[in-house]
Each structure stands twice: as C-alpha cells, then as structure tokens.
Amino acid sequence: MKDHFNTHNTIIQATMMSREKRKNVLKGIISILATLILFAFSLELMVKSFSVVGGKATDLMVENNFGPFVGLFVGLLGTAILQSSSTVTSAVVAVVAAGSISFADAVPMILGANIGTTLTSTLVSLGFISDRKSFQRAISAASMHDLFNILTVIMVLPLEYFFQTYTQTAQYIAAFIPIIELDNVFFLKWLSIEPLVYWLINVIDNGPITIIFSMVLLFASIKLLAKIIYRYLDAELKNTFQSFFKTEWKSFGTGTVLTLLVQSSSLTTSLIVPLAATKKVGLSRVFPYILGCNLGTTITALMVGLFLSPTALAMGLVHFLFNLTGVIIFMPIKAFRHFAVNMAIWLGKMTVKYRAAGLLYLIITFFIAPFLLIYFNQ
C-alpha cells in the first residue's frame with residue numbers, strides 16, 4: 001500500500017514537473033518571438049530612416065556613369081548609407097531600364113551593394129561591446145559576412161570586367177524565361193510592420209533622431225534576446241535548436257530557407273550574431289549559415305524579377321550567379337572555408353584588443369574610402 005502511494009506521488013510530481021517544463025518552454029518561445037518582432041521592427045525602422053535621410057544622395061550617385069571599379073564603391077557606399085541592398089539594387093535596375101547606364105556598368109554596383117549590406121550585422125555586433133568575450137565572438141560572426149562578400153568579389157569581378165561572364169550568362173538565361181505579366185502581385189512578408197514604421201517616422205519627423213532611436217532600440221532588443229536565450233533555452237530545447245546547425249550543410253540549408261521565409265538577409269544574418277555571441281551556435285557553423293542567407297536572398301530577387309521585366313530578371317540572375325559562385329567555392333572546399341573562419345576569428349581578436357581599430361575599419365571601409373574614390377573620379 002505504501003509503495004503504491006509513493007508511486008502515485010511520483011507520477012503526480014512527474015506530471016507537475018512535465019507541465020511546468022512545457023509551460024517554461026512555451027513561455028520561452030513566446031518571449032523569443034516577441035523579442036524577434038522587436039528586433040525586426042528596430043532593423044526596419046533603421047533601414048527606412050536611413051532611406052529617408054540618404055535616398056536622394058544615393059539616387060544621384062547611381063545616375064552618374066562611373067567606371068566599373070568606382071561603380072563597385074557606389075553600390076557599397078549607397079547600401080552603407082541606406083542599410084538596404086534591395087533599395088540600392090532597385091535604384092540601379094530603374095536607371096538601367098531608363099537607359100541612363102548600361103547593364104554591364106550596373107553589375108559592379110550590384111556587387112558593391114552585396115558588400116555594403118554586411119554593415120548591418122557588424123552594427124548588431126556592437127551591442128555586445130561591453131562584454132569582451134561575447135563581443136569577440138559577435139564581431140567574428142559579423143566579419144564572416146564581410147569576408148564572404150569581399151573575397152567573392154575579388155574572385156568574380158575580374159571575370160566580369162575582362163570577359164563579361166555574369167552579364168552575358170544572365171542575359172542569355174533571362175532570354176529563355178518568360179516574364180509573368182500580372183497587374184498586382186504581392187509576396188507575403190514574415191511580418192507586416194511597415195505601416196507602424198512609417199507612422200513612427202512621421203511622428204518623430206526628424207531623420208537623425210529616428211536613426212538614433214532605431215539604433216538604441218536595436219541594441220536593446222539584442223541584449224534582451226541574449227538574456228532570454230540564456231534563461232529559457234534549456235538542454236532539451238537547446239538540442240532541438242542546435243540540430244539545425246548540426247552539420248555545415250544543415251547550417252547552410254537553415255540560412256537559405258530562413259531567408260526565403262522572412263525575405264530579408266539583413267535580418268537573418270544579423271540574427272546569427274547574438275546566437276554566436278552567446279555560444280548557442282559555434283563559429284564554424286556561422287559561415288555556412290551566412291552563405292545560405294546570401295543565396296536565399298537572391299532567390300527572392302529572382303522571383304520578383306519574374307513579374308517585372310527581363311532587365312530586372314537578368315539583374316536578379318547576376319546577383320544569384322555571383323553568390324552561387326561563392327557558395328560553390330567555399331562550401332565544398334574545406335581549406336577555403338577554414339581560411340575564412342580563421343580570418344574572421346583573428347579579426348575578432350584584433351578588434352577586441354584594439355577597439356578603436358574596429359571602429360576605424362567600419363568608417364574607412366564603408367564610408368570614407370568609397371566616398372573619396374567616387375569624389376576624385378568625378
């Protein structure tokens with residue numbers, strides 16, 4: 001009788017513990033989703049704020065016909081100012097369609113926009129600057145995004161400059177793909193937050209203040225996300241989560257699919273930074289994930305191009321082929337992949353050791369060097 005009573009109590013306690021565990025897991029998931037919404041909102045607010053402040057300047061830069069190498073820095077600087085590669089790419093497509101610049105001259109601008117968009121994840125990493133170890137991992141994760149795009153540009157730009165490899169290939173493929181003519185086509189976003197973003201911009205009615213507010217909100221969401229991950233990601237949930245990053249190819253697939261779902265590589269590449277900083281994802285898995293994000297965002301552009309024009313489709317194909325080349329080079333060849341990861345880890349250590357050097361790297365690479373090159377080549 002006593003054994004039966006003890007067994008009954010054990011079952012009751014196990015049931016209560018199970019319910020409490022499920023309750024904690026559910027609470028953790030809801031908290032993470034709420035924080036991700038705040039994170040996405042702050043990113044979108046920052047992007048739109050930069051767009052309002054720097055949109056006209058970027059349009060003027062794009063409309064000027066520069067050489068191919070200067071065009072690369074035009075795309076980089078424009079995206080760094082606006083924090084949106086899609087905005088710069090759309091401007092490039094528009095001026096190409098209007099006949100202001102040639103398709104071949106526009107390609108380096110697309111490549112530059114691909115590098116410029118990496119600034120977002122680097123800005124996110126600054127949210128961990130107060131914690132030396134977390135900041136080192138965060139900046140290493142963010143640097144992988146920079147390195148992939150920079151190294152890929154170094155490899156593919158000569159092919160485009162001397163042989164027009166990507167221009168001719170994209171135009172050849174686009175000629176065989178019919179454009180779908182529909183009056184109204186809407187792609188569902190992961191979260192419709194644009195009305196609220198524009199409402200807040202109109203209420204504040206001051207570009208610089210809106211940018212500062214969005215950055216404060218962004219850093220706050222990062223800190224909150226890291227805190228929630230530490231608190232709620234227990235062993236069981238951690239194992240389920242980390243199964244998406246168990247191998248390099250799974251990490252690559254996670255980045256590709258996630259970017260396709262949310263239709264924003266800025267969001268998905270920035271999301272990995274706090275996860276890497278809090279050791280929930282190893283740095284060796286971050287690089288394949290970022291490769292997937294870069295490929296995933298080009299597929300979205302291809303889908304949009306199908307409903308616009310042959311020029312837009314060809315531009316989307318150039319972007320896709322560019323990132324696909326990087327994936328083909330870095331994913332199967334371990335030596336290249338390890339080189340990029342080790343270089344990012346080294347950059348993280350150097351940035352933590354010389355924090356002023358990291359800030360100078362951002363300012364010089366994304367703003368001063370492109371601006372001076374464009375200015376002196378006018």
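This is a predicted model: local features need pLDDT of at least 70, side-chain atom pairs count only at pLDDT 80 or more; totals for chains, interfaces and linings use all residues.
Local features need pLDDT of at least 70 and side-chain atom pairs count only at pLDDT 80 or more, whereas totals for chains, interfaces and linings use all residues. Residues are numbered from 1 along each chain as its sequence is written, and side-chain values use heavy atoms, with hydrogens and water left out.

Select residues 334-353, which are helix α15 (helices are DSSP runs of H or I with at least four residues, numbered from the N terminus). Colour Arg337, Ala340, Val341, Ala344, Gly348, Thr351 and Val352, which are buried (under 20% relative accessible area, with exposed over 50% and partly exposed in between, 1.4 Å probe, protein chains only). These residues lie on the same side of α15, because they cover an arc of only 105° around the axis, judged by the directions from the axis to the C-beta atoms. On the face turned away from that buried side, look for the exposed Ala335 and Lys353.

Next, select Met144, Ile272, Val286, Phe287, Leu291 and Phe330, which touch the most other members of the 35-residue largest nonpolar core (buried Ala, Val, Leu, Ile, Met, Phe, Trp, Tyr and Cys joined through side-chain atoms within 4.5 Å). Elements giving two or more residues include α12 (265-277) and α15, while α6 gives the most, with nine.

Finally, go to helix α16 (residues 355-376), where Leu360 is found; Leu360 is partly exposed, at 48% relative accessible area.

Conventions: The expected span of a helix is 1.5 Å times one less than its number of residues.
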